[in-house]
Amino acid sequence: MSGSKSHPEAKKTGPRDFVAGYLRDIPRSGIRDFFEIVSTRKDVISLGIGEPDFVTPWHIREQAMFALDQGATTYTSNRGLIELRRSISTYVEKMFGVNYDPESEILITVGVSEALDLAIRAIIEPGDEVLYHEPCFVSYAPEVRFAHGIPVAVSTRREDGFRVTRRMLEEKVTSRTRALILNFPTNPTGATLTQHDVEEISAFAKEHDLVVITDEIYSELTYENDRTSIAAVPGMKERTIFLHGFSKGWAMTGFRLGYACSTPELSEAMMKIHQYIMMCAPIISQLAAVEALKTQADTEEMRSSYEKRRNFICAALNEMGLPCHVPQGAFYVFPYIGDYGLTSKEFALRLLDEENVACVPGSAFGACGEGFLRCAYATDLEEIKEATVRMARFVARLRKR
Amino acid sequence: MDELLKLLRHNALESPKNLARMLNLTEEAVKTKITDYERTGVIRGYQAIVNTDQLDVSLVRAVIEIKVTPEREGGFNRLAERVSKFTEVESVWLMSGTYDLLAIVTGRDLKEVAFFVSEKLATIEGIVSTATHFMLKTYKSNGVLMEVEKTHERLKVSP
């Protein structure tokens, strides 16, 4: 990772470096580094896995097999199967209260990851600034930089339950700010926004004429509070790109299926990129997704199971002296570990070394994640129980020293 | 259904302390609720789910469809209760459709079950006919798969 901005002269000893300078400057994901350490070890209990431990519900898998059986092995239209877009339109209206036209406002993508890339590329000119809240999913800042934009982090705090507020945003906005990325419920903190927060942020976005990209991938996993989406605030649909997908709520990570809902103009712009780089999302995944949207029973059952595991792990962490707020969404808890004189990376490495429990250091999700640990509870309850026993032992030892 | 019952149906051995953590209740409250369920009979008992196919024991199980003549005043209940009382009978249900009672009967071997049906069951007054089907292999029982599926392993750490 050289800091040089231009192609360097070939070093006398090594081969010529053909990698673009801007790309060399973008660091690898901290999660990737940690994964490589963990994968060398045996018998690790991992609370580091950001995907459901459920297998995709059987009726969805069965439909995917049937699709293959029927010879569904072709391209689909660039936008995706109209049948699926209609189902998504109905679902989004029912669950979020926003109506999107399946013909012109919905685009099926290869995961929310592709949708996010399309959204950013569709609206960012080189040098434009994009606000995003930290700690956050690892892709936002790099994706902005791939589009030659400037990512501007807005730090959120434990005291606020890691919500982002208008005041925090006002401190970072400039005349070059073009967009704001929101992700609630948040990976890695599990934070959610209240209706009041969402309205305040909407007013901010309107005042500064920003596009809001809202990543709603965890919205099915919202616990006590109601779901709130900024897209549903009056006057926001026009300036919002609503991203969602099937990975978390339906346990379909490997199907790689997401979608972007926006205005016809933005949708057409994203379509333009999508048709050249991706053509279309895999047809088998699309047909499986049609089946997935036929019932809400699966997502509800999984949500209920995660909720109990969340309650369990929060209680256990607080009991052992790692204070954590009770997250209202997603499947992560983000306990504070700063009382033991270790950085979050040191803490995570020693926990791994001494007790064979893997958690991701909070610093992998942005500078303000320092002092925290991300524990994913989308793991078998028996493993969570054993992990918390080991962690309690580890913390007790740290306290003695 | 009460979340506590759902958790116990899933794993009856879960400790009150862990149940309390999951349900945001105190341990005492969980214990009281369980005692109440046991006292009122909502919880009838706790059993292990055993895959008998894996054991080296002789055990046959049969499903028996029973047609009965309902009795004045007693309806199906008196006969169903009579059938239920045999220790050979594991479960009994009143059914809609072409027969009335469905019983699951166990025995050491085919002969024992056949003897029970012909000598004990079929001779009860009010039982019109029986049809016996022997079970060959159990794939799933009480919501539990008998053969542990090899699940695809997830990456150890992911974003």
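Helices and strands here are DSSP runs, H or I of at least four residues for helices and E of at least two for strands, numbered from the N terminus. The model is a predicted one. In chain A, the loop between β3 (129–134) and α6 (140–146) holds A:P135. The peptide bond joining A:E134 to A:P135 is cis, with omega about -5°. Another cis bond runs from A:F184 to A:P185, where omega is near -10°; A:P185 lies in the loop between β5 (177–182) and α8 (195–207) of chain A.

Two loop residues of chain A have positive phi without being glycine. For A:R256 phi is about 50°, and the residue sits between β7 (240–245) and β8 (258–261). A:R256 counts as partly exposed because it has 18 C-beta neighbours inside 10 Å. For A:N356 phi is about 60°, and its loop links α12 (344–355) and β10 (357–358) of chain A. With 17 other C-beta atoms within 10 Å, A:N356 is partly exposed.

Helix packing in chain A can be followed at α5 (residues 111–123) and α9 (residues 264–277), whose axes come within 9 Å and cross at roughly 110°. The two helices are therefore roughly perpendicular. The crossing is right-handed. On α5(A) the contact uses A:L118, A:A119, A:R121 and A:A122, and on α9(A) it uses A:L266, A:A269, A:M270, A:I273 and A:H274. By class, these residues are seven nonpolar, one polar and one charged.

Chain B is assigned domain 1 (3–40) and domain 2 (52–136), with 35 Å between their C-alpha centres. The contact between the chains takes 23 residues from chain A and 12 residues from chain B. The chain B side comprises five nonpolar, four polar and three charged residues.

How values were computed
Residues are numbered from 1 along each chain as its sequence is written. Chains are lettered from A and ligands numbered from 1 in the order in which they are written. This is a predicted model: local features need pLDDT of at least 70, side-chain atom pairs count only at pLDDT 80 or more; totals for chains, interfaces and linings use all residues. Two residues are in contact if their C-beta atoms, placed from the backbone, lie within 7 Å. Ala, Val, Leu, Ile, Met, Phe, Trp, Tyr, Cys and Pro count as nonpolar, Asp, Glu, Lys and Arg as charged, and the others, Gly among them, as polar. Domain bounds come from an automatic or database domain assignment. Axes are lines fitted to C-alpha atoms, for helices over the stretch in contact, and angles run from 0 to 180 degrees between N-to-C directions. Angles under 35 degrees count as roughly parallel, over 145 as roughly antiparallel, 65 to 115 as roughly perpendicular and the rest as oblique. A crossing is left-handed if the near helix is turned anticlockwise from the far one by less than a right angle, and right-handed if clockwise. A residue is buried if 20 or more other C-beta atoms lie within 10 Å of its own, exposed if 12 or fewer, and partly exposed in between; C-beta atoms are placed from the backbone.
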